[in-house]
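Here is a short report for a reader meeting this structure for the first time. Please look over the sequence and the fold, then read on.

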Amino acid sequence: MQQLEVVAPGPMSLIQDLGRFGGSRHGLSQGGPVDLHAYCWANYLLNNAMTCSQIEITLGQASFKAHDDLLCSLTGADTKANIDGNPLAPWQSFLLKKNQTLTLGYPTKGLRSYLAIKNGINAPQILNSTATVLRDDIGTKALKSGDQLNISPPFIPHSLNNNHIQHIIPSQFRPQYCDTITLNVLGAYQEDLFSAADKHTFYHSTYTVSPYCDRMGCRLTGPAIVSQKPHFISEPIAYGAIQIPPNGQPIILLNDRQTLGGYLKIGCVAKIDLPKLAQAKPDTHIHFTRANRLEAQQKWLAFIQFFNLPF
């Protein structure tokens with residue numbers, strides 16, 4: 001069985017597949033890649049099934065050594081990666097030869113990188129998913145130095161020799177990770193419980209990504225949504241929901257969110273926009289705009305059809 005060794009995991013490297021769906025009734029988060037766009041392109045570059053497990057690397061500073069010839073791809077944040085000191089650009093496939101080491105630096109743009117390997121990483125499945133959710137203690141846990149990752153079935157480079165047909169994502173499909181982003185918001189059924197002044201503040205202010213963000217959610221700082229709100233019994237929380245807690249500072253819920261919550265929700269970020277938020281570093285400026293529901297649905301449908309996603 002072919003193997004990839006974790007030499008250094010960086011601040012956080014996790015094995016992720018598309019996510020664990022159907023577990024919410026058991027109180028389990030979905031997990032999966034925070035940046036679905038980068039994840040899908042990483043598998044696409046290798047002609048992998050979209051369910052093939054990858055490594056999600058947050059804030060770079062990680063390195064991996066191949067114990068066999070491995071066909072790989074790297075997408076997401078630009079970490080000035082290199083193979084044994086030779087520069088490697090992201091958004092392409094590449095051959096990592098036996099005993100070579102792939103090293104990622106600190107990302108200059110973006111936050112998360114995705115390392116995929118031909119045929120995927122062989123990891124234990126729990127409820128039909130390999131997704132790692134640390135808060136639920138489910139999955140392979142955070143990767144650590146010395147971990148040996150198995151690749152199954154093995155990739156056989158029978159005709160590659162010292163070269164391979166390199167696949168590169170066209171520039172028009174590579175996102176530009178910026179210091180200011182705009183997120184389209186679909187109004188929630190609780191939107192009418194917010195005052196006109198609250199909604200004006202929300203849609204006409206600049207918010208800033210807080211340092212206190214993780215895979216559960218992205219906390220923002222900025223003008224507070226201040227009017228008094230009624231208390232609600234906790235209810236299921238959608239991916240991308242924008243909660244307004246008592247301090248008035250929005251929280252956008254992400255992959256590892258709790259399954260129930262009682263804070264009022266002013267809306268939900270359109271799914272097609274969430275990968276932009278996944279790459280937003282602290283101090284990134286956020287603007288909200290009302291989404292055209294039909295347009296957002298059409299973009300999402302085109303995305304899942306292109307990558308043949310099973311949801």
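## Helix H1

Helix H1 is largely enclosed by the rest of the structure, because nine of its ten residues are buried. Buried means under 20% relative accessible area, exposed means over 50%, and partly exposed lies in between (1.4 Å probe, protein chains only). Helices (H or I, at least four residues) and strands (E, at least two) are DSSP runs, numbered from the N terminus. This is a predicted model: local features need pLDDT of at least 70, side-chain atom pairs count only at pLDDT 80 or more, and totals for chains, interfaces and linings use all residues. Residues are numbered from 1 along each chain as its sequence is written, and side-chain values use heavy atoms, with hydrogens and water left out.

The buried residues of H1 include Leu36, His37, Trp41 and Leu45. Aspartate 35 caps the N-terminal end of H1. A side-chain oxygen of aspartate 35 lies 3.1 Å from the backbone nitrogen of histidine 37. After H1 comes asparagine 47, with a positive phi near 60 degrees.

## Threonine 75

Threonine 75 sits in strand E5 (residues 70-78). Is threonine 75 buried or exposed? Threonine 75 is buried, with a relative accessible area of 0%.

The side chain of threonine 75 reaches the backbone oxygen of alanine 38 at 2.7 Å. Contact means heavy atoms within 4.5 Å. Setting aside residues up to four places away in sequence, threonine 75 touches several residues, among them Ala38, Tyr39, Trp41, Ala42 and Leu45. Trp91, Arg112, Ser113 and Tyr114 are also among the residues that threonine 75 touches.

## Glutamate 56

Glutamate 56 belongs to strand E3 (residues 54-58). Its relative accessible area is 1%, so glutamate 56 is buried. Which side chain does the side chain of glutamate 56 meet in a polar contact? The partner is the side chain of arginine 215, at 2.7 Å. A polar contact is a pair of N or O atoms within 3.5 Å; within protein, one must be able to donate a hydrogen and the other to accept it, and residues adjacent in sequence count only if both atoms are side-chain atoms.

Not counting residues up to four places away in sequence, glutamate 56 touches residues including Met12, Leu14, Val34, Asp35, Arg112 and Tyr114.

## Glutamine 92

Glutamine 92 is in strand E8 (residues 92-96). Glutamine 92 is buried, with a relative accessible area of 10%. The side chain of glutamine 92 reaches the backbone oxygen of alanine 89 at 3.2 Å.

Leaving aside neighbours within four places in sequence, glutamine 92 is in contact with Leu45, Cys72, Ser73, Leu74, Gln166, His167 and Ile168. Arginine 135 is 43 residues from glutamine 92 in sequence and 32 Å away in space, C-alpha to C-alpha.

## A loop with positive phi

Most residues other than glycine have a negative phi. Leucine 127 is not a glycine, yet its phi is positive, about 55 degrees. Leucine 127 lies in the loop between strand E11 (121-122) and strand E12 (148-151). At 48% relative accessibility, leucine 127 is partly exposed.

Aspartate 137 is found in the loop between E11 and E12. Aspartate 137 is not a glycine either, and has a positive phi of about 55 degrees. With a relative accessible area of 55%, aspartate 137 is exposed.

## Paired strands

Two strands pair if DSSP finds at least two bridges between them. Strand E14 (residues 207-209) and strand E15 (residues 217-221) run antiparallel, joined by two bridges. Threonine 208 has threonine 221 in E15 as its bridge partner.

Three bridges join E15 to strand E18 (residues 251-253), and these run antiparallel. Arginine 219 has isoleucine 251 in E18 as its bridge partner.

## The largest pocket

The largest pocket holds about 590 Å³ of space. Of the 30 residues that line the largest pocket, the closest to its centre are His37, Ile272, Asp273, Pro275 and Lys276. On a 1 Å grid over the protein atoms alone, a pocket is an open set of points with protein on both sides within 12 Å along at least five of seven lines, and lining residues have an atom within 4 Å of a point. Grid points are joined across faces, edges and corners, and a volume is the space filled by probe spheres set on the points.

Helix H4 (293-306) is one of the elements that supply at least two residues of the lining. H4 gives the largest share, six residues.

Conventions. 1 Å grid on protein atoms, 1.4 Å probe; cavity = no way out; pocket = protein on both sides within 12 Å on 5 of 7 lines; lining within 4 Å.
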